[in-house]
2 protein chains.
Amino acid sequence: MDLTKLFKPETIAVAGISRSNPLSPGRVIFIKNVFEMDVFCYGIHPEGGEIEGIKLYKRLDQLPKIPDSLVVAIPAKYTLDYVQQCADLHIPSCTIISGGFAEVGKEGRERQEKLIKIATDNDIAVLGPNCLGVYTPPLMDTIFMPTERITRPPKGTVALISQSGGVLVDQFFHKFKQINIGVSTAVSIGNRAVVDEVMLLDYFSNKDPDTYNIAFYLEGFKENKSREFLQLAKKSEDMVLTYFGGLSDKGKQATMSHTASISGNDEILSAALKQYLVMHPRKEMELLTSLKLLEILTHRKKPFDPMIVKEGNVVILSLSGGHGVICADLLDDYKLNAVEITDDEQQQMIDLVNPTARNIATFSNPIDLTGSAQDKDIENFIEYLSKIDRVECIIVLILPYTPSISFQVGRRIANVVSREKKPTVCFIPYIEKYGSIIESLELSNIPVFHSIEEAVQAVSTLKIRTRINTLKGQK
Amino acid sequence: MDLTKLFKPETIAVAGISRSNPLSPGRVIFIKNVFEMDVFCYGIHPEGGEIEGIKLYKRLDQLPKIPDSLVVAIPAKYTLDYVQQCADLHIPSCTIISGGFAEVGKEGRERQEKLIKIATDNDIAVLGPNCLGVYTPPLMDTIFMPTERITRPPKGTVALISQSGGVLVDQFFHKFKQINIGVSTAVSIGNRAVVDEVMLLDYFSNKDPDTYNIAFYLEGFKENKSREFLQLAKKSEDMVLTYFGGLSDKGKQATMSHTASISGNDEILSAALKQYLVMHPRKEMELLTSLKLLEILTHRKKPFDPMIVKEGNVVILSLSGGHGVICADLLDDYKLNAVEITDDEQQQMIDLVNPTARNIATFSNPIDLTGSAQDKDIENFIEYLSKIDRVECIIVLILPYTPSISFQVGRRIANVVSREKKPTVCFIPYIEKYGSIIESLELSNIPVFHSIEEAVQAVSTLKIRTRINTLKGQK
């Protein structure tokens with residue numbers, strides 16, 4: 001079953017356009033694709049006529065051209081008729097927004113069985129039912145939320161697949177945009193009656209040249225699909241990430257009523273994911289941090305050599321003792337190691353720092369250059385630490401409120417990292433007035449995070465990435 | 001030792017004003033108190049003259065009036081002379097910004113011993129050394145960072161005391177401002193040679209009418225001070241919170257070089273804090289969430305009756321199944337319980353929701369009203385759930401991207417909560433365009449958080465607060 005027409009159609013049609021309610025899902029989808037997106041979009045309404053000045057067709061077989069994909073947003077009981085029309089007219093793909101299938105009892109389950117049969121017999125890639133839609137910028141957006149209400153992420157390299165439409169649109173879209181992670185395609189899979197995580201992994205891994213990282217939010221694997229999924233993931237040239245909801249006892253109960261799927265045993269699942277080279281962030285923030293870092297590393301010009309980070313041996317470079325302490329606390333949580341700095345090295349470090357800071361600085365790890373540090377000191381230390389082989393990664397905690405740090409500090413750090421190529425991750429508080437520092441780091445693709453924990457998570461991601469890519473024979 | 005003059009002086013003097021470096025700590029402190037703050041501020045410079053148009057005095061004994069407090073920001077070796085002058089002139093308090101004491105070896109330790117002796121013999125409340133300063137809005141700000149570089153929290157009810165100046169100014173100031181937590185006073189305690197956590201707890205608890213919540217960032221208690229601290233905390237009418245850094249193995253190493261204090265055993269510490277009725281958030285986000293909630297509950301007009309939350313029995317009300325699942329997962333982590341909704345209640349709920357959502361909604365806990373929910377449905381459910389006695393708290397997950405939710409939804413939730421008085425905590429994504437919804441909730445003091453985990457943490461805070469206040473005989 002080919003998903004290309006589902007995600008990259010030239011022409012789509014939308015059924016379920018209400019005349020009376022401008023907020024009905026079908027009408028929202030129709031109007032946004034006509035007015036905002038690149039795809040060519042037809043509207044279907046049994047009575048024809050027009051809406052917002054756009055002609056509507058009475059039936060699918062009256063369209064000037066057979067569309068590549070049909071979006072159905074009508075009451076459940078009428079949906080199968082439309083899927084049958086797809087079969088008759090050779091429309092190769094279909095997204096069913098409508099709820100009222102396996103998630104709502106016996107009648108719904110039977111309806112879903114019939115849907116599966118028509119789709120399978122006729123090789124129609126059916127997404128859903130009970131889903132939010134698809135967002136493939138700048139081509140298509142069949143997410144039924146009004147565009148002005150949601151926040152959409154930019155174009156990028158992450159295929160984002162979610163079993164919960166709400167989580168996709170709220171948790172992920174908004175945060176992706178906020179921290180500038182881009183998507184190639186975002187998919188709400190709903191009941192995944194036909195198109196499921198295995199087919200999606202295969203498509204994004206092998207058939208979509210725009211995708212380099214594939215992230216799933218799942219509340220459990222589809223029955224009998226976990227093995228196939230894991231085997232595909234292991235072979236994939238893309239990084240595959242899964243983030244699971246509903247793994248706690250209370251979460252499991254919730255999941256059953258939400259998507260009728262049973263989550264597996266947490267520990268067994270984690271072990272399997274590790275074995276099959278799937279990144280498995282345990283928290284939402286960790287997923288976001290990983291994706292941000294992975295996207296940076298898809299750039300042809302990598303900011304540093306990420307494969308150096310094998311064991312997770314870190315030096316923390318701070319301008320505040322307390323920040324160093326908090327960061328060191330977190331290394332444990334993420335199975336990273338603080339590199340011990342020898343007495344000889346500490347002696348050499350004294351000359352790298354300005355005389356005022358020299359007497360109060362700490363040269364053991366975490367290094368604390370104190371509030372008297374200057375730009376040049378930070379530059380000196382990154383350069384010095386970069387040349388120590390057993391240092392795999394530097395975490396720089398930038399606190400621009402210290403008086404002697406200039407707003408040039410970002411550019412200076414970016415330059416020395418780009419030159420030395422030692423993996424370096426920066427923390428800087430997210431405050432608008434520090435924007436130029438953040439921007440100068442990001443322009444050089446140096447990863448910048450706005451909490452200490454995210455910076456530590458990013459190093460953990462580097463370590464896990466090295467393991468996976470080594471086993472996959474990639475870089 | 002009375003700390004009133006240290007934190008609420010009428011007049012201060014600053015020593016250590018550089019003529020050549022406008023960013024030197026003493027000069028920054030002098031200028032900001034002269035130009036920005038309410039306190040009357042004298043400058044001391046051995047050569048007199050003026051700086052930025054303001055007259056400087058050559059010596060402390062030449063000031064027109066004996067100040068209530070002296071701020072010293074000069075090299076360590078000259079500091080003791082100034083403290084002696086405080087003794088001679090009966091200046092009752094002094095803040096020593098300068099480093100170069102116990103944190104830097106034998107000579108420094110000896111200097112600190114001498115400092116303690118002068119202060120104790122003459123009853124001078126000495127803050128520091130090696131500290132950042134004090135911020136008591138709108139009176140005084142002796143934090144030596146230029147105001148335009150940092151972000152300061154508004155005036156409020158939290159006394160914020162930090163062993164790390166960097167953590168105070170960066171982590172806390174910035175985030176307090178961001179989520180609108182106000183401080184009565186913020187204190188960087190540095191080496192806490194004289195003024196320590198016990199004296200501070202006593203002062204803020206018993207002598208400062210502006211403080212209702214007292215939050216400490218510590219990297220361990222001062223030697224032999226833990227028992228006294230805990231006993232004071234148990235008697236305090238204010239809520240006392242401690243957040244510890246440096247408790248992990250790696251963190252402990254870092255702490256030793258940072259503040260030369262040894263952290264206690266983590267588990268024993270936690271048990272002791274619980275026994276002595278101290279809130280003990282384990283993560284920075286949890287501290288912030290707790291403080292935000294506690295500050296809301298200091299308002300004379302409380303939004304609901306917080307003491308209802310005894311066991312932590314929660315109903316989750318969501319517009320997205322996935323959000324409900326994530327939230328239910330988190331209840332476990334925070335020792336909260338999902339209230340089971342009976343079949344009878346579920347039957348009654350059917351009539352509370354509009355016909356479109358009715359067929360696809362889930363009425364077990366977490367309740368999912370789906371993307372078809374309307375404002376009125378949410379209002380109906382909060383009202384209905386409020387009347388169920390065994391429901392102690394409602395978590396409402398507001399997703400304003402769903403088409404039928406209006407921007408009135410915040411006001412409508414605020415009204416029904418204010419009327420029913422059932423503890424209710426809201427999650428809503430932090431997006432500027434949702435501002436009016438957030439604002440209408442906050443105007444009625446309904447707690448609003450911008451991640452699901454924070455909403456769950458807030459309920460956990462309510463439960464802990466109920467326990468502590470019950471044992472203290474407070475409400």
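Two strands are taken to pair if DSSP finds at least two bridges between them. By this criterion, in the predicted model described here, β3(A) and β4(A) pair in the antiparallel sense over two bridges, and the bridge partner of A:Glu50 in β4(A) is A:Lys55. The two strands form a hairpin with two residues between them, and in the turn A:Glu52 has a positive phi of about 45°. On β4(A) there is also a parallel pairing with β2(A), again made over two bridges, in which A:Gly43 has A:Leu56 of β4(A) as its bridge partner.

These strands belong to an open sheet of seven strands in chain A, with the order β3-β4-β2-β1-β5-β6-β7 and mixed pairing. Strand β1 (residues 11–15) and strand β5 (residues 69–72) of chain A are paired in the parallel sense over four bridges, and A:Ala13 has A:Leu70 as its bridge partner in β5(A).

In chain B, seven strands likewise form an open sheet with mixed pairing, in the order β3-β4-β2-β1-β5-β6-β7. Here β3 (50–51) and β7 (125–127) of chain B stand at the edges with a single partner strand each, so that one side of each lacks a neighbour in the sheet. Helix α2 (residues 25–35) of chain B packs on this sheet through β1, β2 (40–44), β4 (54–57) and β5 of chain B, its direction making about 155° with that of β1(B). The parallel pairing of β1 (residues 11–15) with β5 (residues 69–72) in chain B extends over four bridges, and B:Val71 in β5(B) is the bridge partner of B:Val14.

Chain A is divided into domain 1 (1–130), domain 2 (150–298) and domain 3 (306–472). The centres of domain 1 and domain 2 of chain A, taken over C-alpha atoms, are separated by 25 Å, and 17 residues of domain 1 are in contact with 12 residues of domain 2 in this chain. On the side of domain 1 of chain A that touches domain 2, the elements that give two or more residues are α1 (4–7), α4 (106–121) and β7 (125–127) of chain A. The largest share of that side, four residues, comes from α4(A).

Strand β10 (residues 155–162) of chain A has seven of its eight residues buried, so it is largely enclosed by the rest of the structure. Six bridges join β10(A) to strand β11 (residues 183–188) of chain A, and the two run parallel; A:Val158 stands opposite A:Val183 in β11(A).

Helix α14 (residues 375–386) of chain A has 12 residues and reaches 17 Å from its first C-alpha to its last, close to the 16 Å expected at 1.5 Å a residue. Within α14(A), the residues A:Asp377, A:Ile378, A:Phe381, A:Ile382, A:Leu385 and A:Ser386 are buried. Seen down the axis of α14(A), its buried residues fall within an arc of 160°, so they line one face of the helix. The elements of chain A against which these buried residues pack are β14 (313–318), α13 (355–358), β16 (367–368), β17 (393–397), α15 (409–420) and β18 (424–427).

The contact between the two chains takes 57 residues from chain A and 57 residues from chain B. On the side of chain A that touches chain B, two or more residues are given by each of α5 (165–178), α8 (249–259) and α11 (321–333) of chain A, and the largest share, 10 residues, comes from α11(A).

In chain B, helix α11 (residues 321–333) has 11 of its 13 residues buried, so it is largely enclosed by the rest of the structure. Among the buried residues of α11(B) are B:Gly321, B:Gly322, B:His323 and B:Gly324, as well as B:Cys327 and B:Asp329. Just after α11(B), a positive phi of about 55° is taken by B:Lys335.

How values were computed:
Residues numbered from 1 in each chain as written. Chains lettered and ligands numbered in written order. Predicted model: local features only at pLDDT ≥ 70, side-chain atom pairs only at ≥ 80, totals over all residues. Expected span 1.5 Å × (residues − 1). Buried ≥ 20, exposed ≤ 12 C-beta atoms within 10 Å, placed from the backbone. Arc of directions from axis to C-beta. Contact = placed C-beta atoms within 7 Å. Axes fitted to C-alpha atoms, helices over the stretch in contact; angles between N-to-C directions. Domains from an automatic or database assignment.
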